[in-house]
Amino acid sequence: MRLAIEQAYLVKGKTYPNPPVGAVIVDREGRVVGVGGTEPAGGDHAEIVALRKAGGLAAGGIAVVTLEPCNHYGKTPPCVNALIEARLSAVVYAVTDPNGIAGGGAGRLQAAGLQVQAGALAHQVAAGPLREWLHKQRTGLPHVTWKYATSIDGRSAAADGTSQWITSEAARLDVHRRRAGADAIVVGTGTVLADDPALTARLADGSLADRQPLRVVVGMRDIPPEAKVLNDESRTMVIRTHDPMEVIKAVSDRTDVLLEGGPTLAGAFLRAGAVNRILAYVAPMLLGGPITAVGDLGVPTIARALRWQFDGIDRAGPDLVLSLVPG
């Protein structure tokens, strides 16, 4: 299953609107004979890719999949059909498909005589490659991650406004990796006017990643036509509003949205309850001064604080990457 999760991460951001799923085929001797991840929309699902690589060695073996195999005809036939035809002995999956149309694969497999086990490393999958897709299935809304960089004293820039670079090159590469997997990046006009960001996903050599997220600029102020965010490296949507829920509605066809705006926009989204996850890149430096990572949250007293809980702590070079979800 860990190998299947790796495959899911490899295709994350490339499968929209389908979920990023990983699959592994193990033969009757316990050897891995096929691995795969979901192809772009209209292509094969992960199970089909892995079965194709395994060929006849799949017979009598086990399929390990991050999501319950689908049981409906969409742009491709049901994956359960191929698993049954491959004469596997068992299927192990992590997360049950919440989609009422595609679900029911486990029952079909059991009816065909295959052993089925659900829940293997389910938390790692649900909090990992399927986090955003599962949120969209549950709520019908895109999953919003507020991503920001800060010093250990919570400052997003020095007193003179300079902010390049608070975090390390390793952290910036990690951000670009996450951007390449996202469907949209949201910033305010203030960020565009102050920093003139391109908001693109780039590789380690500086070249553009194959897939670029939609760039969304929010606010009432005009931005200059020469702004980098308006170049032809990706598509851009400008939304004349200060209402986070209007922004969510405008990108409601998306699944994975990164909020990268400054303290004012971040504060507005947090006050509206429109943030589903926080990713904080924290650098081991002190800046002091007045420029904080988030603006007014409408918290008059400690008893009214917005409570979050950690669900992951990683390293990116010398920096910490803190992942938090609502408490």
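Gly262 sits in the loop between strand S10 (256-259) and helix H10 (263-271), where helices (H or I, at least four residues) and strands (E, at least two) are DSSP runs numbered from the N terminus. This is a predicted model, in which local features need pLDDT of at least 70 and side-chain atom pairs count only at pLDDT 80 or more, while totals for chains, interfaces and linings use all residues. Residues are numbered from 1 along each chain as its sequence is written, and side-chain values use heavy atoms, with hydrogens and water left out.

**Gly262**
- Gly262 is partly exposed, with a relative accessible area of 21%, on a scale where buried means under 20%, exposed over 50% and partly exposed in between (1.4 Å probe, protein chains only).
- Not counting residues up to four places away in sequence, Gly262 touches Thr191 and Ala293, contact being defined as heavy atoms within 4.5 Å.
- Between Gly262 and Ala4 there are 258 residues in sequence and 36 Å in space, C-alpha to C-alpha.

- In helix H1 (residues 2-11), the buried residues are Ala4, Ile5, Gln7, Ala8 and Val11.
- These residues cover an arc of only 160 degrees around the axis, which puts them on the same side of H1; the arc is that of the directions from the helix axis to the C-beta atoms.
- The buried residues of H1 pack against strands S1 (22-26), S2 (32-37) and S3 (62-67) and against helix H5 (122-126), whereas Arg2 and Leu10 are exposed on the other side of H1.
- Just after H1, Gly13 takes a positive phi of about 90 degrees.
- In the loop between H1 and S1 lies Pro17, which is joined to Tyr16 by a cis peptide bond with omega of about 5 degrees.

- Most residues other than glycine have a negative phi, and most peptide bonds are trans.
- Asp196, in the loop between helix H8 (189-195) and strand S8 (214-218), has a positive phi near 50 degrees and is partly exposed, with a relative accessible area of 28%.
- Leu199, which also lies in the loop between H8 and S8, has a positive phi of about 55 degrees, but Leu199 is buried, with a relative accessible area of 3%.

**Domains**
- The domain assignment of the chain gives domain 1 (1-131) and domain 2 (142-326), with bounds that come from an automatic or database assignment.
- The C-alpha centres of domain 1 and domain 2 lie 33 Å apart, and five residues of domain 1 are in contact with 13 residues of domain 2.

**Cavity and pocket**
- On a 1 Å grid over the protein atoms alone, a cavity is a set of points where a 1.4 Å probe fits but cannot get out, and a pocket is an open set with protein on both sides within 12 Å along at least five of seven lines, lining residues having an atom within 4 Å of a point.
- The largest cavity holds about 140 Å³ of space, and its lining of 16 residues has Gly13, Pro20, Asp183, Thr255 and Asp256 nearest its centre.
- Both domain 1 and domain 2 give residues to the lining of the largest cavity, so this cavity lies between them.
- The second largest pocket has a volume of about 940 Å³, a volume being the space filled by probe spheres set on grid points that are joined across faces, edges and corners.
- Of the 37 residues lining the second largest pocket, Tyr9, Lys12, Asp174, Arg177 and Arg178 are the closest to its centre.
- Helix H7 (169-181) gives the most to the lining of the second largest pocket, with eight residues.
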